[in-house]
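Trainee: I would like to go through this model element by element, with the criteria stated as we use them.

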Amino acid sequence: MAYRILEKEEIAPSVHRMVIDAPDVAKAAKAGQFIILRIDERGERVPLTIADFESETGTVTVIYQEMGKTTKQLAKLSAGDSLEDFVGPLGTPADVRKLGTVILVGGGVGVAPIYPQAKAYTNAGNKVISIIGARNKDLLILEDELEKASSELYIATDDGSKGHHGFVTDIMKRILDSGEKVARVVIIGPPIMMKVGAGVAFPYDVEVLVSLNAIMVDGTGMCGGCRVTVDGETKFTCVDGPEFDARKVDFVQLMNRLAMYRGEEAKAVENYEEKCKCGLH
């Protein structure tokens with residue numbers, strides 16, 4: 001079965017939004033879950049967070065940044081094209097329930113998985129404070145959508161081109177220092193951002209969750225490629241996560257494992273771009 005691309009747009013430099021016709025996935029999806037896709041029968045399996053889903057229309061939205069060979073291939077596809085595989089929903093859904101005030105922190109493309117959580121926490125009756133950040137204003141995504149889905153929205157940019165001149169963690173700390181009773185903080189973004197953000201939140205009496213982006217192959221707990229250490233125990237991100245208690249995650253190990261194949265990834269991109277130049281792709 002081929003999965004048709006209904007919409008495709010570049011929403012920031014090298015960041016793309018794609019809406020897929022996948023009724024079975026859309027019907028079962030929940031905030032915090034992900035899919036694994038293949039472009040063609042020889043393609044690699046790539047995990048992407050579900051950024052939105054509509055069970056009524058049978059559509060699933062993914063957002064991705066051009067980084068490796070496959071995401072660069074995805075960027076060349078258009079509405080009307082099809083994907084070979086689109087498997088999901090995978091992973092344990094986010095633990096969404098009525099808690100009170102929840103802070104959601106997203107950095108870079110990590111803002112994409114924040115959006116469905118903002119909608120879900122709001123629908124569950126929570127006050128949702130969303131904080132999103134990027135290097136500059138041109139790289140911010142889903143600002144309008146999150147403004148509608150949240151009680152409050154704050155923006156931070158590294159260069160000060162929009163919102164707070166600094167980091168998302170600065171705003172998070174300011175809110176925690178304000179005395180507002182916050183029940184939970186969810187941080188999603190690059191591993192170093194989640195590590196730092198978790199460290200900032202640790203002194204406060206607040207639950208801190210992170211969504212991990214470990215290397216993944218099959219997405220069903222069979223290969224063990226996505227293993228992480230949580231509270232001294234080995235966990236599989238694909239079935240035990242991707243959401244974990246930030247205080248218990250070994251972020252150093254996660255970052256080291258993510259760096260294991262950078263040489264091979266760079267070579268794959270180089271070979272792909274060379275073939276594109278020669279007209280072979």
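Trainee: What covers the buried residues of H5?

Mentor: This is a predicted model, in which local features need pLDDT of at least 70, side-chain atom pairs count only at pLDDT 80 or more, and totals for chains, interfaces and linings use all residues. Residues are numbered from 1 along each chain as its sequence is written, and side-chain values use heavy atoms, with hydrogens and water left out. Helices (H or I, at least four residues) and strands (E, at least two) are DSSP runs numbered from the N terminus, and contact means heavy atoms within 4.5 Å. The cover of the buried residues of H5 includes S8, S9, S10, S11, S12 and helix H6 (191–201).

Trainee: Which residues of H5 are buried, and why do they line one face of the helix?

Mentor: Buried means under 20% relative accessible area, exposed over 50%, and partly exposed in between, with a 1.4 Å probe and protein chains only. In H5 the buried residues are Val168, Thr169, Ile171, Met172, Ile175 and Leu176. An α-helix has 3.6 residues a turn, so residues three or four places apart point the same way. The buried residues of H5 line one face because, seen down the axis, they fall within an arc (taken from the directions from the helix axis to the C-beta atoms) of 160°.

Trainee: At what angle does H5 run to S9?

Mentor: Axes are lines fitted to C-alpha atoms, for helices over the stretch in contact, and angles run from 0 to 180 degrees between N-to-C directions. Helix H5 (residues 168–177) lies across S8, S9, strand S10 (152–157), S11 and S12. Its angle to S9 is about 155°.

Trainee: What are the edge strands of the open sheet of seven strands?

Mentor: Two strands pair if DSSP finds at least two bridges between them. The strand order is S11-S10-S9-S8-S12-S13-S16, and the pairing is mixed. Each edge strand pairs on one side only: these are strand S11 (164–165) and strand S16 (243–245).

Trainee: Which residue of S16 stands opposite Val210?

Mentor: Strand S13 (residues 207–211) and S16 run antiparallel, joined by three bridges. Opposite Val210 stands Phe244.

Trainee: How many aromatic pairs are there, and what are the ring distance and angle?

Mentor: Rings of Phe, Tyr and Trp (its six-membered ring) pair if their centres lie within 6.5 Å; planes under 30 degrees apart count as stacked, over 60 as edge-to-face and the rest as tilted. A search of the whole structure gives one pair. Tyr3 and Phe86 form a tilted pair, because their ring centres are 6.0 Å apart and their planes lie at 40°.

Trainee: How far apart in sequence are the parts that Lys119 and Asp52 tie together?

Mentor: A salt bridge is a side-chain nitrogen of Lys or Arg within 4 Å of a carboxyl oxygen of Asp or Glu. Lys119 and Asp52 form one, with the closest N and O atoms 2.8 Å apart. Lys119 is partly exposed at 24%, whereas Asp52 is buried at 15%. Lys119 lies in helix H3 and Asp52 in strand S4 (residues 46–54), so the parts tied together are 67 residues apart.

Trainee: Which strands hold Lys127 and Glu152?

Mentor: The side chains of Lys127 and Glu152 meet in a salt bridge at 3.2 Å, N to O. Lys127 is partly exposed at 28%, and Glu152 is partly exposed at 25%. The two residues are 25 apart, with Lys127 in strand S9 and Glu152 in strand S10.
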